[in-house]
Amino acid sequence: MNNNNMNTIEACRYCFMCRHVCGSSLISCKESDTPRGRAILLYSIYRGGKKYTPDIIESIYNCLLCGCCLGWCEGREEGGYNMPDLIQAARFDIVNKGLEPPIVKKMKEFLVNHDNLYGININEAFTYNIKESKSQVLVYLGSEVNFKNKEIAHAANGIFKKLGIDFSFMKNELNSGKELLILGFKQEAKRKMNDLFNRIKKSKCRLLVTTDPLAYDAFKNDYPEMGFNLEPDIQVQHISQFVLNYIKEKKIVIKKFNEKVTLVDSEYLGTFNGVFEEPREIITTSAGSNFIEMIWNREKSLATGEAAFVFNGSYFQQGKKLIEYICAELHNMKIKNVIVLSAKAKRYIKECFTFNVYDITEFISNML
């Protein structure tokens, strides 16, 4: 643990300021699943000499790494307190000690061998039948879209075809390594990142556009830290940033959306990378005054579960419970259309919201 992480442990174990927005504690209602509870547990290990127990490890892996605690932290700027960084460091430590839970080991094997968390064979991926070509624009889908939400991949394909842009997907797209890193497998993540980095460079692209918030965060932050610098040679953009440039340059005209619509923010685009306004500008260009903000938005938004992989020793299956506060607000707003920024957010919200849920990629494709 570095000094910043120890400072976080010292500060957060006394503080209750963010517990009401902690996604994992909203699911379990357990003190050990709050940021303060985890700080107390880690204090007992790194200051008190206690060993990691199965219960403590479960609590560390129950964290959704959503960063909601950061938006409510009064001492973040002054003290540099960062609970997600602390949890990530603890997971590295747990893995280094060989103490990771069986489900986490299973996910590692699936990610290493199948490029997704679920062990789905590559021949079921969207990119399996892709004919790869060299082009200036490479579109990276991310494993959730590539294996589970292929409708978003089809929407991305439609966008670039409508724009008349020379683009390509990566045949048998490799995992970004982000999920491995989140689970605590730093060396395996680095190897996966190295493989993907070399594939991207080999493509000769000048622009890498992704639909996946986790991949965007990886390319922008983790890859440079690991020594794999894509930029400035290859620019990295989320698809909303890419399309917004075309709208601003008046290279495309987006159709009008004549119903009320709202946006659920992304933790890995927004909280960790500050990408809040680009999706909003696209939506308001289309919907105008029909766009209605949710009460909890931007830095104060609730978790959508983008990095929720494990809970209580099993695959994360609590999406409906996690999203219930968001869905309650959507129903109170009497709104029938909601736009999300990740495949997981779409799946979870559709479990409790009976109207239209669009990923931003689908919304853009429909409005072109």
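Trainee: Hi! Which residues do ring pairs link into a cluster?

Mentor: Hello! In this predicted model, the cluster is made of Phe126, Phe160, Phe167, Phe169, Phe242 and Tyr246, joined by ring pairs.

Trainee: Nice. And how many aromatic pairs does the structure hold?

Mentor: There are 17 aromatic pairs.

Trainee: Where in the chain are phenylalanine 126 and phenylalanine 169?

Mentor: They sit 43 residues apart, so to speak in distant parts of the chain that the pair links. Phenylalanine 126 is in the loop between helix H8 (102–114) and strand E1 (137–140), while phenylalanine 169 belongs to strand E2 (residues 167–169).

Trainee: Is phenylalanine 126 buried or exposed?

Mentor: Phenylalanine 126 counts as buried because its relative accessibility is 13%, and the cut-off for buried is under 20%. Phenylalanine 169 is buried too, with a relative accessible area of 3%.

Trainee: Got it. What kind of aromatic pair do tyrosine 223 and phenylalanine 228 form?

Mentor: That pair is edge-to-face, with 6.2 Å centre to centre and 65° between the planes. Both tyrosine 223 and phenylalanine 228 are buried.

Trainee: Changing topic to charges: which residue has its charged end over the ring of tyrosine 128?

Mentor: That is lysine 171, whose charged end is 5.4 Å from the centre of the tyrosine 128 ring.

Trainee: And what lies over the face of tyrosine 118?

Mentor: Lysine 148 does, at 4.0 Å from the ring centre.

Key:
Residues numbered from 1 in each chain as written. Predicted model: local features only at pLDDT ≥ 70, side-chain atom pairs only at ≥ 80, totals over all residues. Heavy atoms only, no water. Phe/Tyr/Trp six-rings, centres within 6.5 Å; stacked < 30°, edge-to-face > 60°. Helix = DSSP H or I, 4+ residues; strand = E, 2+ residues; numbered from the N terminus. Buried < 20%, exposed > 50% of the residue type's maximum accessible area, 1.4 Å probe, protein only. Lys NZ or Arg CZ within 6 Å of the ring centre and 35° of its normal.
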